Amino acid sequence: MASGGKGLNATGEFFRRRDEWRRHPMVGNQLRHALPGLGTAIVAFGIYLVGEAAYNRLARPSGDHHH
């Protein structure tokens, strides 16, 4: 065992090689790379909604009675 770590038997080596594809950059985080601005857009839209609700509460004329 020249590597100094745990030695892998034939079965462990077999599964290690079979699972290498899981660490490939194209496999993980596909949605984040496919829609790069979605998170920023959701946050910006949320801030807009909160700002609009606050504006409507504060700037509404007092005699406004809509049904």
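Helices here are DSSP runs of H or I with at least four residues, strands are runs of E with at least two, and both are numbered from the N terminus. By that count the chain has 3 helices and 0 strands. Along the sequence the pattern reads α-α-α.

Some ground rules. This is a predicted model, in which local features need pLDDT of at least 70, side-chain atom pairs count only at pLDDT 80 or more, and totals for chains, interfaces and linings use all residues. Residues are numbered from 1 along each chain as its sequence is written, and side-chain values use heavy atoms, with hydrogens and water left out.

Now confidence. pLDDT is the predictor's confidence in each residue, from 0 to 100. The chain's mean is 76, and 64% of its residues reach 70 or more. Helix 3, residues 38–59, has the highest confidence, at 94, while helix 2, residues 30–34, has the lowest, at a mean of 69.

Next, an annotation. An unreviewed UniProt entry labels residues 33–51 "transmembrane region"; positions follow the numbering used here, feature names are shortened, and annotations may be inferred rather than shown by experiment. In the model that stretch is 84% helix and 0% strand, with its end C-alpha atoms 29 Å apart.

Last, the surface. Buried means under 20% relative accessible area, exposed over 50%, and partly exposed in between, with a 1.4 Å probe and protein chains only. Of the 67 residues in the chain, 0% count as buried. How exposed is L38? L38 lies in helix 3 and is partly exposed, with a relative accessible area of 43%.
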